[in-house]
Amino acid sequence: MEIIKNLHSYLAYIVLAILILAFVNALLGLLGKREFTMHKDLRVSLFALILTHIQLLIGLILFFVSANGLKAIQALGMGGLNSAARLLAVEHPFINILAVALITIGWSKHKKKEASSAKFKSITIFYGLGLLFILSRIPWGQWFS
């Protein structure tokens, strides 16, 4: 279980970096009125999508096997969780599932668009919201302790 926890923790840095890159790339493409290219723009966005899904799967495994996830809820009940435990057992998983759903929606919407500006706009909005959701529920205290 420690391996899964470490993998989830260290992969988070990579996921955040590529997600920020995909968001900034789409924002600059939108503001700069660039053409959406398969070589760069599609690959960066797709890589961010894939990595966020992998991170979610690892996180879900961790949720079910870790003492800080489902087992904490079962042992203490929802009312028995303090704020730190609630963050790990409830808020972090729930918000990150929503974040990955938003990123997936952004990817799906961009594929249906013809114009480059519309593609960049979909990725900018949905990847940006997903990134904000993720950043809002990272257990920062554990990352930097």
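Select Ser45 first, in helix α2 of this predicted model. At 1% relative accessibility, under the 20% limit, Ser45 counts as buried. Show its surroundings: leaving aside neighbours within four places in sequence, Ser45 is in contact with Ala22, Trp107, Ile123 and Tyr127.

Next, select the whole of α2, residues 38-65. Its 28 residues should span 40 Å at 1.5 Å a residue, and the C-alpha atoms at its ends lie 39 Å apart, so the two values agree. At the start of the helix, find Thr37: one of its side-chain oxygens comes to within 3.3 Å of the backbone nitrogen of Lys40.

Now colour α2 by burial. The buried residues include Asp41, Val44, Ser45, Ala48, Leu49 and Leu51. Further along the list come Thr52, Gln55, Ile58, Gly59, Leu62 and Phe63. What do the buried residues of α2 pack against? Their partners are α1, α3 (70-76), α4 and α5.

Residues up to four places away in sequence aside, Ala48 touches Ile18, Leu19, Ala22 and Tyr127. Ala48 also belongs to the largest nonpolar core, which has 22 residues. Within that core, Ala48, Leu19, Ile103, Tyr127 and Ile134 touch the most other members. Helices α1, α2, α4 (83-112) and α5 (116-136) each supply at least two of the core residues. Which helix gives the most to this core? It is α1, with seven residues. A separate core of five residues lies apart from this one; select Phe63, Ile73, Leu81 and Ala89, which are among its members.

Move to α1, residues 2-31, and select Leu31. Is Leu31 buried or exposed? Its relative accessibility is 61%, over the 50% limit, so Leu31 counts as exposed. Draw a distance from Leu31 to Ile50: the two are 19 residues apart in sequence, and their C-alpha atoms are 25 Å apart in space.

Finally, zoom out to the whole protein chain. Its secondary structure consists of six helices and zero strands. The C-alpha atoms fill a box of roughly 55 × 30 × 25 Å along the principal axes. Of the 145 residues, 40% count as buried. With the surface displayed, the accessible area comes to about 8300 Å², of which 71% belongs to carbon and sulfur atoms.

Note on methods
Residues numbered from 1 in each chain as written. Predicted model: local features only at pLDDT ≥ 70, side-chain atom pairs only at ≥ 80, totals over all residues. Heavy atoms only, no water. Helix = DSSP H or I, 4+ residues; strand = E, 2+ residues; numbered from the N terminus. Buried < 20%, exposed > 50% of the residue type's maximum accessible area, 1.4 Å probe, protein only. Core = buried A, V, L, I, M, F, W, Y, C linked by side-chain atoms within 4.5 Å. Contact = heavy atoms within 4.5 Å. Expected span 1.5 Å × (residues − 1). Polar contact = N/O pair within 3.5 Å; in protein donor to acceptor, adjacent residues only side chain to side chain. Areas by Shrake-Rupley, 256 points an atom, 1.4 Å probe, with all protein chains shown as cover.
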